[in-house]
Structures are given as C-alpha cells and as structure tokens.
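Student: I would like to learn how to read a protein model step by step. Could we take a few features in turn, with the general idea before the particular case?

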Amino acid sequence: MGEHYFTERPEAAGRRRTVHLVLPDVHLRLTTDRGVFSPDRIDPGTRILLETVPAPPAEGDLLDVGCGYGPIALAMALRSPRAKVYGVDVNERALQLARLNARTAGIGNASFHRPEQIDPAMRFAALWSNPPIRIGKAALHELLTTWLARLLPGATAYLVVHKHLGSDSLHRWLQRQGWPTERIASRSAYRVLAVTAHPDAPAAPSRQERP
C-alpha cells in the first residue's frame with residue numbers, strides 16, 4: 001500500500017510547489033509538497049466548504065481538524081482576525097508547511113499542532129474540517145467523537161465529505177450519536193454538514209483554570 005497523507009512522517013522525497021486559494025474575500029499563496037493532502041491544487045471539497053459556510057465566530061478559539069498545509073485554518077484566521085485558530089494534523093510535513101504558509105501570509109492568529117499538543121481543557125467556538133475520510137470508518141468516528149465533544153454549547157462544526165466517500169452514512173451516524181446534523185450545501189457530489197454541539201457540552205474553563 002502506498003504512503004498516505006495521514007502518515008506521520010512522509011518518506012516521499014520533497015518537491016515543493018505553489019497553489020493559490022482565491023475566494024471573494026481570501027487570496028492565499030500556499031506552499032505544498034509531496035506526502036500531504038492534495039498537493040497539486042486546493043481540494044474541491046475544501047473550496048466548497050470555504051465558499052458555503054457562514055462566517056466563523058469573530059472571537060474565541062476556532063479549530064481545523066486535519067488541517068494539512070493550512071487552507072481552511074488560514075481562511076478562518078483571515079475572516080476572524082480577533083479569534084485564535086488552531087490547526088491539528090498528524091502529518092509533520094503538513095504542519096511545517098502550514099506554519100510556513102502562515103508566516104508567508106503574515107497571519108499571526110493561526111497556529112498548527114499535533115493533536116496531543118492541544119490543551120485538553122480547551123473548548124472551541126467553531127470547528128471546520130475536510131476530515132481524513134480515508135483513515136477508515138472506525139478511526140474517523142473516533143476522531144470526530146474526540147473533537148466534536150470539545151465544542152462549546154451551541155457551537156457548530158462544518159464538515160465537507162464527498163457523497164461517494166460516505167457523506168450520507170456519516171450524516172446518519174452523527175444523528176444517531178446525538179449530534180443534530182443538517183446538510184447545508186451540496187455541490188459536485190460534496191456535502192457540507194453542519195453539526196451542532198451537545199447542549200450539555202461543558203463550558204470552557206478560564207485560562208487561569210487550565211492545567
């Protein structure tokens with residue numbers, strides 16, 4: 001089996017290139033490389049997500065799960081300059097690229113981390129993600145359960161998933177787990193799902209209370 005973008009340390013020889021994310025309100029020049037997700041272009045699902053979701057909260061801690069080289073997290077950071085955006089990924093090469101892209105764009109309110117580096121006490125005001133579907137259903141469910149549980153009460157997660165990669169079955173699974181889920185957009189066989197946090201989700205502790 002070939003190397004996947006969710007490999008922690010890709011072995012493929014590096015060959016950096018540049019892609020452009022151009023939206024009505026965002027223009028980013030992003031460096032990519034082999035061994036990361038969608039190195040040759042902005043993934044269509046990512047573009048559809050960014051073109052269809054409402055504006056992120058103006059303040060608070062925001063999250064991108066499976067951030068890759070950073071297009072979603074950096075767009076969130078530009079749209080909400082007073083918020084703090086956290087991108088998480090297991091791919092070390094992708095994280096290095098995301099940090100480089102943030103520096104190149106002069107974006108100071110986005111940072112990129114391995115999942116275990118995020119303070120477990122943090123709660124997020126929003127989550128946007130083009131999730132790593134190809135890690136397998138069980139691993140995907142565990143991933144989403146972990147991060148959706150860390151949304152603030154009433155917060156919304158926006159997920160983009162291709163129909164042929166299980167968007168509709170994921171929609172049903174989320175509903176069964178007790179997360180109200182609505183399809184807010186459908187384009188080119190991609191579905192954008194809005195997932196509402198459990199109403200009894202614990203509030204974020206103050207920064208002084210965090211370990």
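Student: Where is the place of Ala-189?

Tutor: Keep in mind that this is a predicted model. Ala-189 belongs to the loop between S8 and S9, and its phi is near 70°, a positive value in a residue other than glycine. Ser-188 is found in that loop too, and it has a positive phi of about 50° although it is not a glycine.

Student: Does Ser-188 count as buried or exposed?

Tutor: Ser-188 counts as exposed because its relative accessibility is 58%, and the cut-off for that word is over 50%. Ala-189 has 26% relative accessibility and therefore counts as partly exposed.

Student: In which order do the strands of the open sheet follow one another?

Tutor: The general idea is that strands of a sheet pair through backbone hydrogen bonds, either parallel or antiparallel. In this model, seven strands form an open sheet in the order S5-S4-S3-S6-S7-S9-S8, and the pairing is mixed. S5 and strand S8 (181–187) are the edge strands, each of which pairs on one side only. If direction is ignored, neighbouring strands of this sheet are turned by 20° against each other on average.

Student: How many bridges join strand S3 to strand S6?

Tutor: Three bridges join S3, residues 61–65, to S6, residues 124–129, and these two strands run parallel. You can find the pairing by looking at Leu-62, which stands opposite Ala-126 in S6.

Student: Which strands does helix H1 touch where it packs on the sheet?

Tutor: Helix H1, residues 44–52, touches S6, strand S7 (151–162), S8 and strand S9 (190–196), and its direction makes about 55° with that of S9. Helix H4, residues 137–148, lies across S3, S4, S6, S7 and S9, and it runs at about 150° to S7.

Student: What span does helix H3 reach from its first C-alpha to its last?

Tutor: The general idea is that an α-helix has 3.6 residues a turn, so residues three or four places apart point the same way. Helix H3 covers residues 92–105, and its 14 residues reach 20 Å, close to the 20 Å expected at 1.5 Å a residue. After the helix comes Gly-106, whose phi is positive, near 70°.

Student: What do the buried residues of H3 pack against?

Tutor: They pack against strand S2 (27–32), helix H2 (71–79), strand S4 (84–88) and strand S5 (110–113). The buried residues of H3 include Leu-97, Leu-100 and Asn-101.

Student: Why does Asn-101 count as buried?

Tutor: Asn-101 counts as buried because its relative accessibility is 1%, and the word applies under 20%. Its side chain reaches the backbone nitrogen of Thr-31 at 2.7 Å. Beyond residues up to four places away in sequence, Asn-101 touches Arg-29, Leu-30, Thr-31, Tyr-69 and Leu-74.

Student: Where is the place of Leu-30, and what separates its C-alpha atom from that of Leu-100?

Tutor: Leu-30 is in strand S2, and because it has 0% relative accessibility it counts as buried. The C-alpha atoms of Leu-30 and Leu-100 are separated by 8.7 Å, with the two residues 70 residues apart along the chain. Leaving aside neighbours within four places in sequence, the contacts of Leu-30 include Val-19, Ile-42, Pro-71 and Asn-101.

How values were computed: Residues numbered from 1 in each chain as written. Predicted model: local features only at pLDDT ≥ 70, side-chain atom pairs only at ≥ 80, totals over all residues. Heavy atoms only, no water. Helix = DSSP H or I, 4+ residues; strand = E, 2+ residues; numbered from the N terminus. Expected span 1.5 Å × (residues − 1). Buried < 20%, exposed > 50% of the residue type's maximum accessible area, 1.4 Å probe, protein only. Contact = heavy atoms within 4.5 Å. Polar contact = N/O pair within 3.5 Å; in protein donor to acceptor, adjacent residues only side chain to side chain. Pairing = 2+ DSSP bridges. Axes fitted to C-alpha atoms, helices over the stretch in contact; angles between N-to-C directions.
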